[in-house]
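Open the structure in a viewer and keep the selection tool at hand. The stops below say what to select and what is found there.

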Amino acid sequence: MTTPHHRAADLPNLWLPYSQMQTTAWPVTAAKTAGSTITLDDGRVLIDGIASWWTACHGYNHPHLRSALVAQAEAMPHVMFGGMIHEPAKRLAARLAALLPGDLERVFFTDSGSVAMEVAVKMAIQFQLNNNHTGRTKILSFRGGYHGDTLGMMAICDPEEGMHSLFAGVLPEHIIADLPTDAESTHKLEQLLSERGDEIAAIVTEPLVQGAGGMLFHEPAVLQTLRTLCDRFGLLLILDEVFTGFGRTGTMFACEQAQITPDIVALSKALTGGTMALAATVARRSVFEAFLSDDPSKALMHGPTFMANPLACAVANASLDLFEQEPRLQQVAQIEAQLRKELEPCRDLPNVRDVRVMGAIGVVELTAIPDPEELKCALLEHNVWVRPFRTIVYLTPAFTIPPEELSHLTRSIHSVLQSHA
């Protein structure tokens, strides 16, 4: 194990994410991956409980993904997407449009979830401006929400969640409300929209699960309420499916469980099966048509240099092949059942506030985690890779994880929480 005097601050050159490097322990070093395991440079093999931030849904190094990557690298690793297109992007856009509900059919590619959400918000505001609704420039989002770390997205995250509170006063001010989970909160949201609806371009939320806000679950009825309110007040509904998309909640997309169609949806993370950086913002036909004009200023002026990277698009197509050819959603249902059974004993531990499961997401919420770094290191002693944050220890494994490896993860969490109670 890393000793206390080996701190991340002593690493040459690297600046780590989400880390106070003065106090964070020296990180472990990955050497190779396979299936649901990560082999470290010292030979230890870890079972990965979080699929590299929820991305490696098919497990690591799947041969179908690898062969698609190699074949595309030999043909064309990259070409600019400005004034030029290519077959992998055309095919991927068509497949995404066919999979998504309703008329979500126009796909704008980017390279990260944060940027996909930036584009979604930019689309929504410009949609209103293009339709001469010049006062509708604010976004309404919800407490507990997280949509990325770029400046624009920081402004619509929960202002109290901690990561971005330092920037209060610097970020543009949008509108933060409570999710309409009951009659009282729904009434308050209706009242807010009645008073300020003419300022708002769109409502943004993560469907069914607010991920980085603490894996907070809500019912599909919440999304139905938001769809109804957006229609009533002339707002666009943006769903951030960066985390929930591609089977994580038990359906291909979380919004399917509410039987609604958002106006704009953002996708990333598992889009390429955790192999390449790629994201997409997908808009309904009516949104796209608001940008069609003889006036050049009404076009969407955005274009990441590596958008629609052919390597990433080829791997994303291969990932969709696997969803078609292998029983991924059935595997998610099996993981859900196993997590419900095997995490339930944690509920009886002294420091545990809640245990909840949805699809391939298992959460043990504690009353507090005084030192998440210490807890992570204790889990490492069991040869599992799990990263506690806020007040939760969670699992978001690959959909292909063998049952015995998932059991090792759940037993390790129970054992460590029991010893730290």
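Start with the second largest pocket of this predicted model; its volume is about 440 Å³. Select Arg106, Val107, Phe108, Phe288 and Leu300, which are the closest to the centre of this pocket among the 17 residues that line it. Which element gives the most to the lining of the second largest pocket? It is β4, with four residues. Colouring the lining of the second largest pocket by class shows 14 nonpolar, one polar and two charged residues.

Next, go to the largest cavity. The structure holds one cavity of 30 Å³ or more, and about 30 Å³ of space lies in the largest cavity. To display its lining, select Gly35, Ser36, Asp48, Ala51, Ala56, Gly59, Tyr60, Pro397 and Ala398. By class, this lining has five nonpolar, three polar and one charged residues.

Now turn to the surface. Select Leu151, Leu166, Phe167 and Val170, which make a nonpolar surface patch of about 440 Å². Leu151 is in helix α5 (residues 151-154). Is Leu151 buried or exposed? Its relative accessible area is 54%, over the 50% cut-off, so Leu151 counts as exposed.

For another leucine, select Leu380 in helix α11 (residues 372-380). Leu380 has a relative accessible area of 4% and is buried.

The remaining stops are salt bridges. Side chains of opposite charge can pair when their charged atoms come close. How many salt bridges does the structure hold? There are 21 salt bridges.

Select Asp321 and Arg91. These two residues form a salt bridge, with 3.8 Å between the closest N and O atoms. Asp321 lies in helix α9 (residues 310-325) and Arg91 in helix α3, so this pair ties together parts that are 230 residues apart in sequence. Asp321 counts as buried at 12% relative accessibility, whereas Arg91 is partly exposed at 39%.

Move on to Arg196 and Glu199, a salt bridge whose closest N and O atoms are 3.0 Å apart. Both partners are partly exposed: Arg196 has a relative accessible area of 31%, and Glu199 has 24% relative accessibility.

Then select Asp231 and Arg227, whose side chains meet in a salt bridge at 2.9 Å, N to O. Both residues lie in helix α7 (residues 220-233), four residues apart, about one turn of the helix. Arg227 counts as buried because its relative accessible area is 9%, where buried means under 20%.

End with Glu344, Arg347, Arg353, Asp354, Arg356 and Glu365, selected together. Salt bridges that share partners join these residues into one network.

Terms used
Residues numbered from 1 in each chain as written. Predicted model: local features only at pLDDT ≥ 70, side-chain atom pairs only at ≥ 80, totals over all residues. Heavy atoms only, no water. 1 Å grid on protein atoms, 1.4 Å probe; cavity = no way out; pocket = protein on both sides within 12 Å on 5 of 7 lines; lining within 4 Å. Points joined across faces, edges and corners; volume = space filled by probe spheres on them. Helix = DSSP H or I, 4+ residues; strand = E, 2+ residues; numbered from the N terminus. Nonpolar A, V, L, I, M, F, W, Y, C, P; charged D, E, K, R; others polar. Patch = residues over 30% accessible without salt bridge, like charges linked within 9 Å, V, L, I, M, F, W, Y side chains within 5 Å. Areas by Shrake-Rupley, 256 points an atom, 1.4 Å probe, with all protein chains shown as cover. Salt bridge = Lys/Arg side-chain N within 4 Å of Asp/Glu carboxyl O. Buried < 20%, exposed > 50% of the residue type's maximum accessible area, 1.4 Å probe, protein only.
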